[in-house]
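Please look over the structure shown here before reading on. My notes follow as numbered points.

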Amino acid sequence: MKDERVVLISALQHYIFCSRQCALIYGDQTWAENYLTAQGVLLHERVDSVEMEVRKGIRYDRAVKVYSEKLGLSGQLDLLEKDLSSGQLMPVEYKRGKPKTHLADEVQLCAQALCLEEMTGQKITKGALWYFQIRHRVEIDLDAQLRQETIETVNKVRELLQSESLPKAQISKNCKACSIIDICQPNLFKEHSNLDKYLDDLYDIDKEDF
Ligand code: SF4
């Protein structure tokens with residue numbers, strides 16, 4: 001990869017949620033880290049990784065740092081499972097809510113798997129999302145379509161952050177669940193004393209959809 005700057009995997013889900021939110025959160029910070037320095041840090045942190053346990057033939061490693069030089073990506077897995085009999089790896093990501101209508105969680109998981117594949121040389125065919133709200137684990141096929149969607153999202157995030165542009169704010173149902181709405185659209189608060197009600201009236205929203 002020619003550009004030495006990295007995209008953080010966490011930026012991908014923010015981009016899918018709202019490109020303006022992604023630019024506001026990552027616009028200045030993503031490029032602060034040079035790819036090579038990031039790789040060095042990640043390698044050392046991997047070696048120093050501690051929290052590991054083995055249960056019923058599966059090894060569990062937590063907070064595993066991953067990177068891809070090819071894609072210019074870096075991030076961290078919540079959990080990495082390794083089947084000790086087959087050696088098969090599976091990334092697992094924990095989520096607060098429940099499965100969503102968009103692909104932000106799946107793309108994040110797939111990006112982690114793409115990094116793992118480059119680091120280990122192993123094909124990762126499945127990952128898992130564990131949703132706290134419904135106490136349910138969902139296995140995700142990391143198929144060609146999801147891989148393509150993930151790579152396209154990485155490229156779009158990179159383009160956005162390289163351009164240093166800030167997409168226009170567009171009020172949508174996502175705004176209700178947005179943690180930086182006061183930074184993005186401070187006037188909304190001034191114009192609408194009950195912002196929650198205003199957005200509820202505009203959209204039929206289940207906040208846990210996000
Ligand atoms: S308030 Fe809405 S437009 Fe602004 S960053 Fe959040 S989701 Fe995007």
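Where is L24 found? L24 is in helix α2, residues 19-26. Helices are DSSP runs of H or I with at least four residues, strands are runs of E with at least two, and both are numbered from the N terminus.

1. **Basis.** This is a predicted model, in which local features need pLDDT of at least 70, side-chain atom pairs count only at pLDDT 80 or more, and totals for chains, interfaces and linings use all residues. Residues are numbered from 1 along each chain as its sequence is written, and side-chain values use heavy atoms, with hydrogens and water left out.

2. L24 has a relative accessible area of 31%, so it is partly exposed. Buried means under 20%, exposed over 50%, and partly exposed in between (1.4 Å probe, protein chains only).

3. **Ligand shell.** The residues around the ligand are F17, C18, Q21, Q170, C175, C178, I181, C184 and Q185. A residue is near a molecule if one of its heavy atoms lies within 4 Å of it. The shell has 6 nonpolar residues, 3 polar and no charged. Here Ala, Val, Leu, Ile, Met, Phe, Trp, Tyr, Cys and Pro count as nonpolar, Asp, Glu, Lys and Arg as charged, and the others, Gly among them, as polar. The ligand lies between domain 1 (7-167) and domain 2 (169-210), because both give residues to its shell. The domain bounds come from an automatic or database domain assignment.

4. **Salt bridges.** The structure holds 10 salt bridges. Each is a side-chain nitrogen of Lys or Arg within 4 Å of a carboxyl oxygen of Asp or Glu. E93, K95, K100 and D105 are linked in a network of them.

5. **Strand-to-strand pairs.** R137 and E81 meet at 2.8 Å, N to O. This pair links strand β7 (residues 136-141) with strand β4 (residues 73-83), 56 residues apart. R137 is partly exposed at 30%, whereas E81 is buried at 11%. K126 and D141 also form a salt bridge, with the closest N and O atoms 2.5 Å apart. K126 lies in strand β6 (residues 126-131) and D141 in strand β7, so the pair ties together parts 15 residues apart in sequence.
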